[in-house]
Number of protein chains: 2
Amino acid sequence: MIHSDGFRALDRQECLRLLGEVPVGRVVYTRHALPAVLPVNFTLDPDGSVVLCTSADSDLVRAVDGVVVAFEADDVHAGRRSGWSVVVTGRAAVVTDPAERERLLRTGPRSWMPLRRGVFVRIGSEMVTGRELTGADGRP
Amino acid sequence: MIHSDGFRALDRQECLRLLGEVPVGRVVYTRHALPAVLPVNFTLDPDGSVVLCTSADSDLVRAVDGVVVAFEADDVHAGRRSGWSVVVTGRAAVVTDPAERERLLRTGPRSWMPLRRGVFVRIGSEMVTGRELTGADGRP
């Protein structure tokens, strides 16, 4: 579907395929009643949920555990004015199930920082939206 | 300042210098009570405020005009596990002053899409924070 603003909406399958191609995305959440955003590396689970790895006592975990957040990834080429952007919106939760944690220790993301007490955070893929931009030019 | 999580906090001047090096960032806001995020190209005004260009009747303008939003840009190298991320948090407002609009028509950002009724949106730089990541490795 081409929108009047020139973007093509991507379907869920296209979105998940593109998400699988990039190592870094951004968690979008609320901190102290203000919008907040943090880039993180991640892996994608087969059901489309996003998995992060961070410290159990991090500000991020305190802010997002049990809360609906957005997770965004994109790949935009400024020179060509083209690219894509995908947003997964869903409930974030620390993985507490021991078997699930064991599986993620083998297959899940590694933190880029040494962690004292690391946890996995899963963001459910209740809503997956994306848009593709193909270059043009405009002045207001 | 090096945080215990391995990130170095960047000061305002460093943040604005880095922001000036990239053409695309992401507006983080709330839409229908859910977290939302949209990549956009932008320019930086001398006072550190971020200027975007979009359609007057866009969902984005309806959602952010008069509201505190975050604007994030980053440059993260997954291979080297290093990079930076900067967040500007401030009130977004459509530019209505004719002289200011005239100036931005010459020096401000161009939309990447043809616009029927374009407007500039300014995000004030009330709060500018940033972090630099230098590579490491961790497992939970």
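This is a predicted model: local features need pLDDT of at least 70, side-chain atom pairs count only at pLDDT 80 or more; totals for chains, interfaces and linings use all residues.
Local features need pLDDT of at least 70 and side-chain atom pairs count only at pLDDT 80 or more, while totals for chains, interfaces and linings use all residues. Residues are numbered from 1 along each chain as its sequence is written, chains are lettered from A and ligands numbered from 1 in the order in which they are written, and side-chain values use heavy atoms, with hydrogens and water left out.

D74(A) is part of strand β6 (residues 68–77) of chain A; strands (E, at least two residues) are DSSP runs, numbered from the N terminus. The residue D74(A) is buried at a relative accessible area of 11%, where buried means under 20% (1.4 Å probe, protein chains only). Its side chain makes a polar contact with that of R26(B) at 2.6 Å; such a contact is a pair of N or O atoms within 3.5 Å, and within protein one must be able to donate a hydrogen and the other to accept it, with residues adjacent in sequence counting only if both atoms are side-chain atoms. Beyond neighbours within four places in sequence, the contacts of D74(A) are R26(A), W84(A), S85(A), R26(B) and P39(B), contact meaning heavy atoms within 4.5 Å.

Rings of Phe, Tyr and Trp (its six-membered ring) pair if their centres lie within 6.5 Å; planes under 30 degrees apart count as stacked, over 60 as edge-to-face and the rest as tilted. Over all chains there are two aromatic pairs.

| Pair | Centres | Planes | Class |
|---|---|---|---|
| F42(A) and F71(A) | 4.8 Å | 65 degrees | edge-to-face |
| F42(B) and F71(B) | 4.8 Å | 65 degrees | edge-to-face |

In chain A, F42(A) sits in the loop between β3 (34–41) and β4 (43–44) and F71(A) in strand β6, so their pair ties together parts 29 residues apart in sequence. Both F42(A) and F71(A) are buried. F42(B) and F71(B) are buried as well.

How values were computed: Helices (H or I, at least four residues) and strands (E, at least two) are DSSP runs, numbered from the N terminus. Buried means under 20% relative accessible area, exposed over 50%, partly exposed in between (1.4 Å probe, protein chains only).
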